[in-house]
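Please open the model in your viewer and keep the selection tool at hand. The tour below says what to select at each stop and what is there.

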Amino acid sequence: MNELLYIVEDSLTGLLTGGIYALMAVGMVLVFKATRVVNFAHGTIMMVGTYFFFSFSLLVQQLGLSFWVSVPLALLSTGLLGMFLERVLMRPLLGQSVFSMIMVTVALISVLEGLTILIWTSDAQYPPGLFPLQISFIWEAAVNMQLFWGFVIGLSLFVLISIVLFLTRIGVALRATASDQATAYSMGINVPGVFGMTWMVAAMTGCLAGILLAPLNSLTPSLGHLGLSVLAVIILGGLDSLLGTLIAALLIGWLEAMTGHFLGGDYREVMPYIVVLLIIVIRPYGLFGSKEVERI
Amino acid sequence: MTNRSRRDFLIKTTGAAGAAALGSFGFPAIVQAQAKEWVIGASLPLTGPFATAGQLGMPGIIDFIAMTNDSGGIGGKKIRGILEDSGYVAIKALANFKKALAEAPDLACYFGDSTGFMKLVAPELNSRYKIMTGSTSFASELANPSTNPYQYVSGPTYQDMFGILLQHVADKGGKRLAFVYSDTEFGKDPIAYGRQRAKELGIELVHEEITKASGAEVQSHVAQLRRADPDFILMHGYVTGVWPAIIATARAFGMKSQFLGTFWAMEKVIADKISAKVGDALNGYMGVLPYRYFYDRKEAPAYQELDAWNKANNEKYPGYLVTWYLQVRMTMNLWKKAMEITIEADKPVNGDNLMTSLASIKDWDSGGFFGNPVSVVSNKIPQGRVYAYNTENKLFLPKSDWIQV
Amino acid sequence: MHIGNARSSYQADEVMWKRPAHKGAMLLIILSLLILPFWVGPYHLMLMSQLGIFVIAIAGLNILTGYTGLISLGQGAFMGIGAYTTAVLATGYGFPPWATFPLSIIMTALIGIGFGLPSLRVRGLYLTIATLAANVIIVFAIRKLEWLTNGDRGINIEPAILFGFSIESELEKYFVIAPLALLFVLFSQNLFRTKIGRAFIAIREQDYSAEIMGISLIRYKLTAFAIGSAYAGAAGSLWAYFFTALTPNQFNLSQSILFLAALIIGGMGTTLGPLFGAVFVILVPETLRAIAGLITPYYPLALQATAPITEIIYGLLIIGFLIFEPMGLSAIWARIWRYIDRWPFTR
Amino acid sequence: MNSTQPKVKTNQDREPLLRVDSLSIAFGGVQALNNLELEIQSGTISSIIGPNGAGKTTFFNLVSGFYQPTGGEIFFRGQSITSLPGHKRGALGIARTFQNIALFRGMSVLDNIKLGAHSHLKTGVFGAGIYIRLAQHEELQLRETIEREIIDFLEIDHIRNAPVSGLPYGLQKRVELARALAMRPSMMLLDEPVAGMNREEREDTARFILDIQEQWGTTILLVDHDMGMVMDISDQVFVFNFGELIAAGKPEIIQSDPAVIEAYLGREKSDISRHIKTQ
Amino acid sequence: MLEIKNLEVLYHHVIQVLHGLSLSVPGGQIVALLGANGAGKTTTLKAISSLLPLENGEVSAGEIHFDGVDIRGIPPYELVRAGLFHIQEGRKVFVDMTTEENLQAATYALVGRKRVKTDFEQIYHYFPKLRDRRKQLAGYLSGGEQQMLAIGRALVAEPRLILLDEPSLGLAPQLVEEIFSIITKINQEQSVSMLLVEQNAMMALSVADYGFILENGKVVLEGSAQTLSEDEDVREFYLGIGGHEQHKSYREIKHYKRRKRWLS
C-alpha cells in the first residue's frame with residue numbers, strides 16, 4: 001500500500017520535474033528548428049543565466065528592492081548573451097557544415113564554464129527561490145511547491161511559445177526560416193535577425209529554467225551539464241516537434257523518477273543517456289519527428 | 001612579517017616555481033637539484049567541486065611556510081613551496097607531484113589534494129619515490145604503515161569518525177539509520193566499515209542514498225530518505241554543497257531525523273551561509289571534528305599565534321580561520337614535528353626516517369589543535385570530538401569530550 | 001623544390017614522403033625522440049609519454065572522425081575500456097603485458113563495434129549524441145561493476161614486466177610508449193595508401209557515392225569504429241601501466257571532448273593532425289601554469305585561475321580554428337612547407 | 001580492361017542485361033515512377049529523355065539501390081536485384097555517374113579513380129596497415145592499370161594528382177566517368193554526362209562513350225537533355241514523362257513521335273493530355 | 001532596371017561557375033535566360049538575389065546594378081524589401097504551413113515600405129484556386145497550385161523585378177500554359193519586370209521580349225525573342241527543331257587517340 005503511494009509520489013515529482021525539463025528543452029528545440037543546430041551549450045547558457053540572477057539578486061538586495069526585480073534583469077541579460085553568442089560565433093559559420101557549428105557549441109561549454117569559474121568560482125551558491133521551500137500534500141503524496149510552481153511556469157511558457165509560433169506573424173517568420181532558409185530570405189524575412197531572436201528567446205527560457213531549478217539543486221558551474229541530459233528529451237521528442245518535446249520531457253522526468261525509485265538515486269543520471277541510445281538505434285527521428293527523404 | 005615581506009615571500013616561492021618550470025625545459029635535472037632549502041610540494045583543489053575548501057585551505061600552507069621561515073626555518077634551512085592547482089582531478093595532482101619532483105628531486109614532503117590522488121600515487125611512492133606525503137584525505141586505508149608506509153593522516157580516519165558517530169547513535173538509542181554519501185572515493189571510503197559497525201551495534205541500516213558530490217537533485221534523494229524514516233542520517237563525502245540542501249529540504253518535508261556529518265562538511269562558514277537562507281533547519285546538525293574550532297582558542301596557544309600572525313599580515317583576515325585551513329596547517333605541523341625529530345636525531349632527512357620519526361610522536365602537545373596531547377598511531381591521530389551546530393549563536397558547540405578511538 | 005616530377009616508377013610515386021626535405025625532417029624527429037629523453041627531467045619525460053598515449057588515442061579518433069567522418073565523443077571512454085581490461089587482467093588474473101595489450105585492443109574493438117551499430121542508422125549529429133551517451137554509459141558501467149573494477153575506489157596495477165625488466169622509471173616507460181606510438185601512427189598512415197583508407201574517406205565525402213563504388217557502408221563504418229576503438233584500447237592499456245592506478249572518472253566525457261578538441265586543433269583527416277593536437281593540448285596547460293607561476297607574486301589568485309583559463313583557451317582555440325582554419329594546425333604546417341618549397345620564387 | 005562481356009553485341013532475343021518489371025515508387029504520396037517496364041540489351045547504348053521531374057534520376061537511383069521501390073522488380077542479368085544493397089550492385093557491375101557530380105572532393109583525381117576499383121582489391125585491414133607484400137603489390141598493380149587503361153584513355157594524365165575540387169566542371173565530369181570505368185562495369189548509368197559542356201567538350205564525351213562501348217562492350221544507359229547527342233549515339237531511346245514511359249524505340253522513330261514533341265515542348269494545344277497523369 | 005557586368009562566381013572558393021557574364025533587364029520587360037543544365041542560369045539568379053553565400057558561393061568579380069545601385073553584398077531580405085523578388089526553382093513553398101501563412105510570410109517583404117497588409121484578395125483574384133485552399137497545408141497542394149502559391153507570394157511582395165526560375169518544372173503542359181499566361185498578365189497589369197530562367201525554351205521565348213543564351217557561364221547569344229526563335233542554332237539546340245545539317249553527327253567524330261605516356 002505504502003509502496004503504491006510512493007510510486008505515485010515519485011511519479012508526481014517526476015512529471016513536475018519534467019515540466020521544468022520541457023522549459024529547458026524548448027530553447028534547444030527553437031534553436032534547432034530555426035538553425036538546424038543542436039546547441040550543446042544550452043545548459044551552460046542556462047547556468048550562466050542563473051548566475052546572472054544570483055548576482056542581480058544580491059545587487060537588488062543591496063539597493064533595497066524586491067528580489068523579483070532581479071528576474072527580468074537576469075532574463076534580459078541572458079537574452080542579450082544569447083544574441084551576442086549567435087552574432088559572434090554562429091553567424092560566421094552560416095553556410096558551412098553543421099558539424100562546425102555544433103562543435104562550436106561544444107567548445108562554448110568550456111569557454112562559458114571557465115568564465116563562470118573565474119567570475120563566481122566553482123563554489124555552490126544558493127540563489128533565492130522564486131517560491132518558498134514548502135511541501136503540500138496532494139491526497140497523501142508530498143509535493144514540493146517549488147517544483148509545482150516550476151511546472152506551472154514551465155508549462156505556461158511552453159503554451160505561450162506555441163501560441164506565438166503558430167498564431168502570430170513572428171511565428172510565421174520563424175517557421176518559414178525553419179522550413180527553408182533560402183526561401184525565407186527571399187520572402188524578405190531577416191533570417192539572421194530570426195536566428196538572433198531565436199537564440200535570445202532560447203537563452204531567456206533557459207535562464208528561467210535555471211532560476212527555477214537552482215533552489216532544487218543548488219547553483220554550481222556544473223549545473224549546465226543538465227543540458228546534456230536534456231538532449232534525451234529533444235531526441236526523444238524528435239528534435240523539431242514542440243508537442244513531442246513536451247511529452248518527451250514529462251516522460252523523461254517520470255522515467256528518471258522511476259529509475260530513482262526502483263534502482264536508486266545514482267542510476268537516475270545515466271537513464272537519459274540509455275534512453276538516447278535506444279531511441280537512436282530504434283527510432284532515430286524520435287517519437288514525433290519526421291523522417292526526411294534524401295535527395296541525390 | 002609585514003605585508004611587504006609576505007609579498008616578497010610569495011615572489012620567492014611560487015615565482016620561483018614558475019621560473020623553474022620554464023627553465024626546466026632547458027637544463028638537465030641534475031643541475032636543478034642542488035637546493036639549499038627544504039622543498040615541499042602541494043596540490044590543492046583550487047577549482048572543481050571542492051574549490052572552496054582548496055582556496056580557503058591554501059593559505060594554511062602559505063602561512064605555514066612564511067611563519068616557519070620567519071622563525072628561522074627548520075634546522076636552519078628555509079622552506080620553499082611548489083603549489084599547484086589540481087581541480088580535484090587525481091591525475092592532474094599526480095602530474096603536479098611528478099613536476100615538483102622534477103624540480104626538486106629531494107622533495108621533503110608532499111601535500112595531496114584527495115583520497116584519489118593518495119591512492120594513485122601510493123604504488124610509486126612505495127617503490128620509487130619514498131616521500132612523506134600528507135593530504136586532505138582521512139581515508140582509512142592511508143593510515144596503514146604496512147601498505148602505505150609513506151602516507152599519513154592528520155587526524156582520525158573517516159572510519160574512526162564513523163565509529164564515533166555510530167557509537168553516539170547507539171548511545172542515544174538510535175534504531176534506524178541511513179547513510180547518504182557522494183559517489184566519489186571520498187564518499188565511499190568508510191561505507192563498508194559503517195555497515196558492519198552498525199550491525200555490531202545493533203542499529204538497523206534502513207537506507208543508503210548515493211548522490212553526486214555537487215549539484216545533486218536533492219529533492220528526490222530526500223523523498224527516498226523520508227520513506228525510509230530513519231532516526232539518524234549519517235552524511236559523508238561532501239564539502240560545501242549537497243549536505244546543507246539535504247537537511248533544509250528534509251526539514252521542509254517535515255522530517256525529524258538527526259543529521260550527522262564528518263570533518264569536511266562541518267564548516268561554520270557554510271552552515272552560517274545556509275542558515276541565512278533557510279532559517280534554523282541546520283540547528284542540531286552534528287559531526288566529528290578532530291580539532292578545535294578556531295573561535296575556541298582560549299586554551300590553544302597555537303591558535304592565538306595564528307590569530308596574531310594573520311592580524312599582522314593579512315588585511316582581509318576576518319578573525320576566523322576555517323576548519324579546512326586548520327587541517328592543512330595540522331598536516332604541515334605534523335611534518336614539521338617529524339622533521340625536527342629526525343634532525344635532532346641527526347639522521348638524514350628522507351621519507352623512511354621522517355615516517356619513523358612521525359610514528360614516534362607520543363603525547364605531543366599540538367598547541368591546542370587537539371584537545372589533549374596526542375600520539376601518532378598507525379600513521380594517524382585517532383582523536384576527535386562531537387560537535388553540534390547551533391543556529392542561535394552560529395557556532396558548532398562541543399557535545400562530547402575528546403574521544404580517543 | 002617541388003616543380004618538376006622526376007620519378008621513374010609508380011612505386012617511387014607511391015612512397016610516403018616524397019621530398020628529401022620531408023625525409024630529413026622525419027629523420028630529425030626520430031633522432032630527437034631518441035636523444036631528448038636523456039636530456040629532459042622526469043616530469044617532461046612523463047609529459048612525453050603522456051603525449052605518446054594521447055597521440056595513439058587521437059590517431060584512432062582521426063581514423064574514425066577525421067577520415068571516415070563519424071564524429072565521436074566517446075574516445076575517452078573507449079580508452080577507459082582498454083585501461084580497465086588491462087588492469088583487470090593484470091591484477092585479477094596475473095596476465096603479462098604482452099597478453100593484456102592485445103587483449104585490451106581486441107576487447108575495445110569489439111565494444112567499439114557494438115557502440116558503432118547506431119552509425120548504420122544515423123549519422124552526423126545523432127551519431128555524435130549516441131557516442132556521447134555511450135561515453136556516459138561506459139563510465140557508469142565501470143563504476144557500477146564493482147566486483148570487477150573496484151568501482152570509484154579504483155585499481156592499482158603492478159608495473160609491467162617486459163623481457164624480465166620491470167618498467168618503472170619514466171625513462172623506461174617512455175621507451176616502451178614512444179615506439180608504439182610511432183608504430184600506431186605509421187599503421188594508420190599506411191591504411192590510407194590502400195583501398196581501406198580510401199573507402200573511409202569516400203564514406204566521409206559522400207557515402208551514397210561510395211556505396212555505388214561497391215563499398216559496403218555497414219562493413220567499413222564498423223571497421224572504422226573497430227580500428228578507432230582499437231587505438232583507444234591500445235592507448236588505454238598503456239595508460240594503465242603508465243599511471244599504475246585507475247579510477248573511472250579519468251575517462252569521463254571531458255577526456256573525450258579533449259581528444260576531439262585536440263583533433264580539431266591539430267587538423268582532422270591529416271597525418272600530423274593527431275600529433276600537433278596532442279602536443280598542443282599538453283603544452284597549453286603547461287605554459288599557462290608556468291605563466292601563472294610568474295604572475296602569482298603580483299596576482300596571488302593566478303594559481304586558481306589557470307584551470308578555468310585553460311578551459312577557456314581550449315574552447316576559444318576550437319572555435320577559432322573552426323571559424324578561421326578548419327583544417328587545423330596541419331594546414332598551417334602545410335602552408336609553411338609550401339612556402340619553403342617555393343621559397344626563392346615567393347616574394 | 002578485362003571485361004567479361006563479349007565484344008560483339010548480344011542477340012536481341014537473349015535475356016536482357018537489365019529489365020524492370022512494373023517498377024513504382026512514391027514519395028509521401030506522390031507517385032514518382034509508375035509501373036515502369038523496360039528492357040536494356042547487353043552492349044547497347046540507350047538513353048532516357050524527358051522533362052525535368054519526369055523520374056529519370058529516380059529511375060537511376062532505383063537501379064543503383066538508393067531507393068527501395070514501392071512496387072515492382074529489377075532484374076540484372078536475369079537475376080532479381082530489387083532488394084540487393086547498393087554496394088553489392090556496384091560489385092555486380094553496375095556503375096554510375098551523378099547529375100550533380102558526386103566525386104570525393106577532398107581527394108586527388110588518382111585516388112578517386114582508384115576508389116572505383118575498390119571491389120577488385122583484396123587487401124585486408126592488417127595487410128593495409130603494415131603495407132607489405134600483397135598490399136603494396138596490389139596497390140602498384142592497380143596504379144599501373146589505371147594509368148594505362150583509364151587515365152590515358154580519357155586523356156586526363158595532366159591532372160592526375162590534382163585535387164578534384166579545383167577542376168573545371170567538364171573535367172570533373174570526365175573524372176567521374178573515369179571512376180565509373182575503374183569499376184570495370186558491365187553497365188554504366190550516366191546521369192547528364194554532357195550537361196554544362198560546350199560543343200567541343202560534348203564531342204569529346206560522346207566519343208568516350210562510344211569508345212567505351214566499343215572497346216569493352218559496356219552497356220550504357222544515359223540521361224541527357226542534349227537531343228543532338230542523344231539521338232546521334234543511342235541505339236535506343238526511352239521517353240519519360242510524369243513517372244511513366246511514354247515512348248521507346250530507335251532515335252529516328254522517337255524524334256518524330258508527336259507525344260514526345262508534346263511532352264518536351266508543350267506548345268501546341270493538341271490532345272496530348274491523354275499521356276499526362278494529373279495528380 | 002537590372003544591369004550585370006562581367007559577373008564571375010566561385011563556389012567553395014575554387015569552382016568557377018560564371019565566367020564574366022553580362023546581361024540586362026529593361027524595365028517592364030520579360031527577359032528569358034536560356035541554357036543547358038549546369039550552364040549557370042540558377043547561379044546567376046542566386047548571385048543577383050544574394051543567396052549564394054548560403055551555398056558557400058561568392059561573387060568574385062563583376063557588378064550587379066539594380067536601379068543603378070550596386071547591390072552586391074546587400075543581404076537578400078533587404079533586396080526583397082527593395083523590390084527584387086526571387087522565385088526559386090522547385091517552387092519551395094513552406095510545406096508545413098498553410099497557404100495563407102505562406103502568403104503572410106511574404107508580407108515581410110513590405111517591411112519599411114508600406115503598412116503590412118492582411119488580406120490577400122488580389123492574389124486570390126489571380127489564383128482563385130488558392131482561395132479555396134487557403135487553410136490547407138501547402139505541402140498538400142498539387143504541383144500547379146504550389147507554383148501558383150510561389151508566384152502569389154511574389155505578388156504579395158509587390159516587387160518591381162521578379163527573378164523566376166523554371167516555373168514549368170514538373171508541371172503538365174496545360175498547367176504550364178496557365179502559369180505562363182498569368183505571368184504575362186502580371187507583367188502587363190503590374191508592370192513588373194521579369195528575368196525568366198526556363199528550360200522550356202519555346203515557351204519562354206513566346207512570352208519574353210528579349211533573351212540571352214548561356215553556355216559554360218557565359219552569354220553566347222542574345223537578341224529579341226523573335227530573333228532568337230528564328231536562329232538556326234537556337235532552333236536546333238534549344239528548341240529541338242530542325243535538322244543537324246550544319247553539324248557533324250556525334251557518331252562521325254573522328255576517333256583519334258593522342259597516346260601520351262607519363263613515364264615512358
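A charge sits over a ring if NZ of Lys or CZ of Arg is within 6 Å of the ring centre and within 35 degrees of the ring normal. Select Lys77(B) and Trp38(B) to see a case: the charged end of Lys77(B) is over the ring of Trp38(B), 4.5 Å from its centre. Then go to chain E, where the charged end of Arg153(E) sits over the ring of Phe94(E), 5.1 Å from the centre of that ring.

Some ground rules come before the next stop. This is a predicted model, in which local features need pLDDT of at least 70 and side-chain atom pairs count only at pLDDT 80 or more, while totals for chains, interfaces and linings use all residues. Residues are numbered from 1 along each chain as its sequence is written, chains are lettered from A and ligands numbered from 1 in the order in which they are written, and side-chain values use heavy atoms, with hydrogens and water left out.

**The chains**

Colour the model by chain. Contact means heavy atoms within 4.5 Å. Which chains share the most contacts? Of the 8 pairs of chains in contact, it is C and D. Chain B has no contact with chain D, and their closest C-alpha atoms lie 33 Å apart. No contact joins chains B and E either; there the closest C-alpha atoms are 39 Å apart.

**Chain E**

Of its 264 residues, 52% are buried. Buried means under 20% relative accessible area, exposed over 50% and partly exposed in between (1.4 Å probe, protein chains only).

**A covered helix**

Move to chain D and select helix H3, residues 109-116. In this helix, 7 of the 8 residues are buried, among them Val109(D), Ile113(D) and Leu115(D).

**The cores**

A nonpolar core is a set of buried Ala, Val, Leu, Ile, Met, Phe, Trp, Tyr and Cys residues joined through side-chain atoms within 4.5 Å. The largest has 503 residues, of which Phe40(A), Trp335(B) and Phe59(D) touch the most other members. Helix H12 of chain C (residues 217-243) gives the most to this core, with 17 residues. Centre the view on Trp335(B): beyond its neighbours within four places in sequence, its contacts include Trp38(B), Phe64(B), Met132(B) and Leu354(B).

**The rings**

Rings of Phe, Tyr and Trp (its six-membered ring) pair if their centres lie within 6.5 Å; planes under 30 degrees apart count as stacked, over 60 as edge-to-face and the rest as tilted. The whole structure holds 56 aromatic pairs over all chains. Select Trp243(B) and Tyr285(B), a stacked pair with 4.7 Å centre to centre and 20 degrees between the planes. Trp243(B) belongs to helix H10 of chain B, whereas Tyr285(B) is in the loop between helix H11 and strand E9, 42 residues apart. Trp243(B) has a relative accessible area of 0%, and Tyr285(B) counts as buried at 2%.

For another geometry, select Phe242(C) and Phe243(C). Their ring centres are 4.7 Å apart and their planes are at 75 degrees, so the pair is edge-to-face. Both residues, Phe242(C) and Phe243(C), are buried. Finish in chain B with one aromatic cluster, which includes Phe50(B), Tyr88(B), Trp264(B) and Phe370(B).

Terms used
Helices (H or I, at least four residues) and strands (E, at least two) are DSSP runs, numbered from the N terminus.
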